[in-house]
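Subject: Structure handover

Hello,

The structure is below, followed by notes on what was found in it. Please read them with the model open.

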Amino acid sequence: MKADIDLEIGRKTFASGLLPELIAVLRRSRPGDLVALVGDEESVGPELETWCRFTGNPLLEATVEKGRRRWVFRCGAVAAAGGVPAEDGRPVGTRLWLYTNFDCNLHCDYCCVRSSPTAPRRELGLPRIQRIAREAAELAVKEIFLTGGEPFLLEDIGEILAACAATAPTTVLTNGMLFTGRREETLRALPRDRVVLQISLDSATPELHDRHRGPGTWARTREGIQRARAFGFRVRLAATVSTDADAEQFRQFLDEEKIAPEDRVIRRVALRGVATAGVALVRADLVPEVTITADGVYWHPVGAEDADLLVTRDIFPLSESFAAVREAFEREGEHAHKLARIFNCA
Ligand code: SF4
């Protein structure tokens, strides 16, 4: 993981001069900066982890490279400063995410789950999704989000969407580039009052979008948006951006296009998957949104193949996997509270 600040600490430990170095580095950093420490004392690890927790500078990574230890921590919180949309406090389990397949017709350079045309398909599959939808109906799930890779690569995406939409209003995330031929027929058959299309468009003009997603993709996505609207679908536009300036430009474009506030999503690139830059997020930054993939149940869709966000490999019964996420969230909260108390008294 690339850092904004690299600090060589040699054989320093908390007992021998490391703390003043950390304080100095915090003073010259900005919120969200990543700091890498490279040193030779293994004992620094557990103490650094405790220091990171107590001071609210989350430890993101600990590795050994050529016999030397390297730790990366993030300076402070990112949720507000980093532009990641704040969660609105919805109860855990009311929003359900399903990763339908993982393979994709695109290979965007910031994809948080490493999707691409060569990524192996890891399908939840229609029978499993039908069971999830049935069980979700008993669990007060209020909205379902489907994401791929690209869900419209699946032959049976129509049946998958119909099963989900029968349980709750369903939004499908798509790059909007495949709405022709048999897929157009599939799209046309979907219930407009229960299915929303969230289409990824990163910028008002092709340059930025195509740089991250591939040449010609902006134009094809614009066509897809027009087709989806012409078929009578509600379309949300979702941009993934790297800077405040890019976000502001896209906001102006949305204003000009008269896109309703509820149909706008602007989020920052997350430092996950194949992204080499972006907002570094840890579990404690994210209010959980139950996310199911072929590999298990995850804390949040932004890291749906990352070990630190895996909650359980067992999807069924859904009531138990939902309970596992809630319990993990409660434990996380208790832990933070305990640390806050310890920190306040120290
Ligand atoms: S960001 Fe979306 S469209 Fe791009 S590779 Fe990942 S899943 Fe595919």
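Helices (H or I, at least four residues) and strands (E, at least two) are DSSP runs, numbered from the N terminus. Axes are lines fitted to C-alpha atoms, for helices over the stretch in contact, and angles run from 0 to 180 degrees between N-to-C directions.

This is a predicted model, in which local features need pLDDT of at least 70 and side-chain atom pairs count only at pLDDT 80 or more, while totals for chains, interfaces and linings use all residues. Residues are numbered from 1 along each chain as its sequence is written, and side-chain values use heavy atoms, with hydrogens and water left out.

Helix packing

Helix α6 (residues 206–213) packs against helix α7 (residues 217–230) at an angle of about 105°, and their axes are 8 Å apart. α6 is therefore roughly perpendicular to α7 (65 to 115 degrees; under 35 counts as roughly parallel, over 145 as roughly antiparallel and the rest as oblique). On the α6 side the contact (heavy atoms within 4.5 Å) is made by Pro 206, His 209, Asp 210 and Arg 213, and on the α7 side by Thr 217, Trp 218 and Thr 221. By class this contact has two nonpolar, three polar and two charged residues; Ala, Val, Leu, Ile, Met, Phe, Trp, Tyr, Cys and Pro count as nonpolar, Asp, Glu, Lys and Arg as charged, and the others, Gly among them, as polar.

Helices α3 (residues 126–137) and α4 (residues 157–167) pack at about 5°, with axes 8 Å apart, which means that α3 is roughly parallel to α4. Residues of α3 in this contact include Leu 126, Ile 129 and Ala 133, and those of α4 include Ile 160, Ala 163 and Cys 164. The contact divides into eight nonpolar, two polar and two charged residues.

Cores

A nonpolar core is a set of buried (under 20% relative accessible area, 1.4 Å probe, protein chains only) Ala, Val, Leu, Ile, Met, Phe, Trp, Tyr and Cys residues joined through side-chain atoms within 4.5 Å. The largest has 51 residues, and Leu 96, Leu 98, Leu 146, Phe 152, Leu 197 and Ile 292 have the most contacts inside it. α4 gives the most to this core, with five residues. A second, separate core of 15 residues includes Ile 5, Leu 7, Leu 18 and Val 25.

Ligand

Around the ligand (a heavy atom within 4 Å) are Cys 104, Leu 106, Cys 108, Cys 111, Ser 115, Gly 149, Asn 175 and Arg 213. This shell has four nonpolar, three polar and one charged residues.

Regards

Definitions and conventions:
Buried means under 20% relative accessible area, exposed over 50%, partly exposed in between (1.4 Å probe, protein chains only).
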